[in-house]
Amino acid sequence: MSTHDTLIIRSGDQLLQPTTRRRFLGLLGVAGSVVFLPSVFTACSDDDITDPNNPASYTLNLSNDTGILNYAYALEQLEAAFYTAAITSAGFAALSAAEQEVLADLQKHEVIHREFFKAVLGANAIPSLSFNTTTVGNLTANATVLLSTSQLLEDTGVSAYNGAGKYLTSAANLLVAGKIVSVEARHAAAIRDIRDARGGNTGRLFAGDDVVSASGLDVKAEPGTVLASVVSLNVVTSPLSIGTGPTGTATADVKAPTPA
Amino acid sequence: MDKQPILAAIDPEIMDRLATRKQEIDNGSYARPGIVAALAIGSVPIALAALSRDAFAQGTIPTAIKNVLDFALALEIFENEFYKAVLGTSNYTPYNTAFATVRSQVPATALATLQQIQKHEAAHVATLLATGATDVFSLQVTSTNAQFDFTGNRSASGGGPFAKATTDLGFLLEVAQGAEDTGVRAYKGQAGNLMTQPAILEAALRIHSVEARHASRIRRIRRSLNTGTAALRYSGTVRGGDAAAAGATDLGTNAAAVTAAFTKIYGAGSNAATFPSESNVTQAGVNVSTLTGAQFGVEAAQEAFDEALDRADVVAIVQPFFIPTIA
């Protein structure tokens, strides 16, 4: 070990480059030196994950329970924002009283879920997400699109919790997630049932063959799959992304189906 | 349908094991004849089920996990047999005869719902067996063996407080709702016991949410038949706790016994701190009825979270419907 290698880090981004990272990790294992120039620390001081103006605040670290709960918090923020807009929309006004009761219940439940996660995450919570009001307006403009979007959101929520439960390391957190996912499934069935009554009246859509497999299993999706679906809705404008994936073995996705 | 994802959910390594095992068998290793036949015809589910039992016979599944799977299987067999009796498709003819009166009252759409639910319960039985569960309580219903008393009297001749379910649609749906809501609470209570086996945990969670979908639909049918009963939400969620959460409009001929049963189904478990009543509004130490920005009253807070039950609590609910002892 006569050679003394030195790696100079000029910026935080440099650490994310594969070659730099490899050298960085390599040097930590031997007698090398790593020099951080002051610019790195300047960048780090901006790296407040609760700052809504810092894109890094929306980058999820799913390798621990806090990250998984933030992922759930993000999804609940989306649902809460959608239903809060929905209950004053033209689509809502076109629904029957019985149908309106469902949407009104869902809005309350999702806002409660959102505020619950915000409270339990405390200082570790990601910031509030921003939403595209034009897209939300389009997705609530009439009863048909309002209900199909609601179905997609609820089925997606079920798939997200079902896919993320295995990554939680605390039994208490898993129990809380379980208490919420069954409520999301009840919502999904109710919305599907409304759509069924308006359409084919099959009596089966609440847990249709499109969402429950031949093995009797509901949908599940890995976080990356869920976030890609969320991004494709063009409702969330904040740069929500996954920085570090979950620790554990992923399973094959059975995504929430596109409402027929 | 989508067999690949199902297999992956049961065990991400199962395809590898299946392939390896097939290679071993091809090379002359011993396997029971059923496995060889299933592999030969390329039937992955059948081969999976057979190979799982083969593997578990070697003791690879932890006892704690096995116990949960066996318990879940008992509940699923019960649910499956209940719906088969209602639909008139049970192996035990007296069940079909007993439910004939109420069967004639079920509207076509609701009948399709019951058929869809029964299909899922049968699938859950098959999936749990394929995952390693065993029918340890010998609950197989045959043409001569009734293992259940759907009237809640633990007797092949019935006569229990839920007998009205065989003759009255509204009462039948109350019982179905109770069974589904119990299933939701039971799976939720067992999730923590499956954490060491993530693939099995995930399969259990995916069954759990299906049970919740069932419960929601039954609640919605009941609300449409009892529009004034606001405790039955059109959103399919559970309002209130204890017997009130059932939204029961008919308590049959033994109101005290039926009320006591609903109190167990929607009430607190014996460990009330971990398994509170469905009326609970404190989650992870947070009162979810008074959160800033989310103050919608106690009822919405109750509805927003479902509660779990421990195994012993669930056994106390369902034992009256099982002739064998399942403790």
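Helices (H or I, at least four residues) and strands (E, at least two) are taken as DSSP runs, numbered from the N terminus, and helix axes are lines fitted to C-alpha atoms over the stretch in contact, with angles running from 0 to 180 degrees between N-to-C directions. The structure is a predicted model, in which local features need pLDDT of at least 70 and side-chain atom pairs count only at pLDDT 80 or more, whereas totals for chains, interfaces and linings use all residues. Residues are numbered from 1 along each chain as its sequence is written, and chains are lettered from A and ligands numbered from 1 in the order in which they are written.

In chain A, helix α6 (residues 97-121) packs against helix α9 (residues 171-198) at an angle of about 160 degrees, the two axes lying 11 Å apart. α6(A) is therefore roughly antiparallel to α9(A), a term applied to angles over 145 degrees. The contact (C-beta atoms, placed from the backbone, within 7 Å) involves A:E99, A:V102, A:L106, A:H109 and A:H113 of α6(A), together with A:I180, A:V183, A:H187, A:A190, A:I191 and A:I194 of α9(A). α6(A) itself has 25 residues and reaches 36 Å from its first C-alpha to its last, close to the 36 Å expected at 1.5 Å a residue, and it is followed by A:G122, whose phi is positive, near 55 degrees.

Helix α9 of chain A also holds A:S182, which is buried, with 31 other C-beta atoms within 10 Å, where 20 or more are required for that class. Leaving aside neighbours within four places in sequence, A:S182 is in contact with B:V184, B:K188, B:H208, B:S209, B:A212 and B:D306.

Technical notes
Parallel < 35°, antiparallel > 145°, perpendicular 65-115°, else oblique. Contact = placed C-beta atoms within 7 Å. Buried ≥ 20, exposed ≤ 12 C-beta atoms within 10 Å, placed from the backbone. Expected span 1.5 Å × (residues − 1).
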